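Welcome to this guided tour. Open the structure in your viewer, keep the selection tool ready, and follow the stops in order.

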Amino acid sequence: MKITVKSAEEIELMRHAGKILAMVHQELAKVIKPGMSTLDIDRLGEEMIRSYGCEPSFKNYCGYPASICVSVNEEVVHGIPTDKRIIKEGDIVSLDAGVIYKKYHSDAARTIGVGEISKEAELLIERTRQSFFEGMKMAVAGRHLHDISRAIGDYAESFGYGVVRDLCGHGIGSHLHEEPEIPNFRQWKRGPRLCPGMTLAVEPMINIGTPDVLWMDDEWTVITEDRSLSAHYENTILITEGKPEILSLTEEEKAAGYLDLF
């Protein structure tokens with residue numbers, strides 16, 4: 001397994017990519033409303049990404065046809081935007097997006113509640129997000145990769161949630177997906193030792209019910225096997241000498257105190 005350690009110049013490019021992606025997520029969260037199609041969201045997202053002088057990481061990646069993965073309710077990830085899927089009051093919508101800035105990627109996901117959502121859905125979103133930050137407590141130079149996995153999984157499973165096993169986080173840099181894979185649940189082995197300069201995309205995918213998932217006929221959209229709700233929270237992070245630096249955190253999240261969650 002070869003995990004790339006980024007140079008100071010590469011890190012600066014990834015910081016910029018992360019800042020732009022954070023702005024895209026913050027703006028998209030403000031405009032999503034009932035009556036929009038998932039295709040509307042994709043078009044807006046791509047327009048925003050390109051307006052900042054970046055390219056969407058996902059467009060045509062391995063054949064994926066859109067710029068924003070838009071997954072609704074029981075859809076875990078990789079939902080393909082369409083004008084047939086209309087967002088309704090009470091839905092939860094997971095947006096997974098990536099940007100390329102001067103050949104370097106940032107990758108992040110958020111799950112958003114549309115209007116008034118159920119308490120069950122609200123807690124799922126909050127706890128999925130917090131599972132990420134539990135992982136960040138372990139994302140420290142000298143610890144091991146699977147300390148992150150254990151912290152995420154143990155926290156989510158303490159609420160009886162299903163932690164998706166079939167999908168995981170990943171390294172990131174000049175390629176969207178690099179080594180290593182980052183599971184979101186306990187592993188038998190400790191995994192590689194973390195060191196400053198590693199850049200990772202950590203992304204818990206948490207289901208209210210079973211952890212088991214299915215792929216739809218489009219061969220992209222992943223849904224919960226029991227059709228229960230699923231939430232997704234992801235950031236691109238940098239391992240440092242101290243606390244990890246979260247490259248794709250929005251300004252609103254910083255103002256809300258998210259940096260104090262780990």
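**Stop 1: a serine in a strand**

Select S71, which sits in strand β2, residues 68-72. Helices (H or I, at least four residues) and strands (E, at least two) are DSSP runs, numbered from the N terminus. Before going on, note that this is a predicted model, in which local features need pLDDT of at least 70, side-chain atom pairs count only at pLDDT 80 or more, and totals for chains, interfaces and linings use all residues. Residues are numbered from 1 along each chain as its sequence is written, and side-chain values use heavy atoms, with hydrogens and water left out.

Is S71 buried or exposed? S71 is buried, with a relative accessible area of 2%. Here buried means under 20% relative accessible area, exposed over 50%, and partly exposed in between (1.4 Å probe, protein chains only).

Now show the side chain of S71 and look for two backbone nitrogens. The backbone nitrogen of H78 is reached by this side chain at 3.4 Å, and the backbone nitrogen of G79 lies 3.1 Å from a polar atom of the side chain of S71. A polar contact is a pair of N or O atoms within 3.5 Å; within protein, one must be able to donate a hydrogen and the other to accept it, and residues adjacent in sequence count only if both atoms are side-chain atoms.

Next, display what surrounds S71. Setting aside neighbours within four places in sequence, S71 is in contact with V76, V77, H78, G79, I92, V93 and S94. Contact means heavy atoms within 4.5 Å.

**Stop 2: helix α2**

Select residues 38-51 to bring up helix α2, which has 14 residues. From its first C-alpha to its last, α2 reaches 20 Å, close to the 20 Å expected at 1.5 Å a residue. The expected span of a helix is 1.5 Å times one less than its number of residues.

Colour the buried residues of α2: T38, L39, I41, D42, G45, E46, M48 and I49. What do they pack against? Their partners are α1 (8-31), β1 (55-56), β2 and β4 (92-101). Just after α2, pick G53, which takes a positive phi of about 80°.

**Stop 3: helix α1**

Move on to α1. At 1.5 Å a residue, its 24 residues should span 34 Å, and the end C-alpha atoms of α1 are 35 Å apart, which agrees. Among the buried residues of α1 are I11, L13, M14, A17 and G18.

**Stop 4**

Select β4, where 9 of its 10 residues are buried. Two strands pair if DSSP finds at least two bridges between them. Which strands can you trace beside β4?

- β1 runs antiparallel to β4, joined by 2 bridges; look for E55, whose bridge partner in β4 is I100.
- β2 also runs antiparallel to β4, with 5 bridges; V70 stands opposite L95 in β4.
- Strand β5 (residues 104-113) is joined to β4 by 10 bridges, again antiparallel; V93 stands opposite I112 in β5.

Follow the chain from β4 to β5 and you pass through a hairpin with 2 residues between the strands. In that turn, K102 has a positive phi of about 50°.

**Stop 5: an open sheet**

Now find an open sheet of 5 strands, in the order β8-β7-β9-β14-β15, with antiparallel pairing. Its edge strands are β8 (178-182) and β15 (245-246), each pairing on one side only. Strand β7 (residues 169-171) pairs with β8 in the antiparallel sense over 3 bridges. Select H170 and its bridge partner in β8, E181.

**Stop 6: V213**

Select V213 in strand β11, residues 213-215. V213 is buried, with a relative accessible area of 7%. Not counting residues up to four places away in sequence, V213 touches V76, V164, D166, N207, V222, I223, T224 and E225.

**Last stop: the whole chain**

Zoom out. The chain holds 5 helices and 15 strands, and 56% of its 262 residues count as buried. Along its principal axes, the C-alpha trace spans about 45 × 45 × 35 Å.
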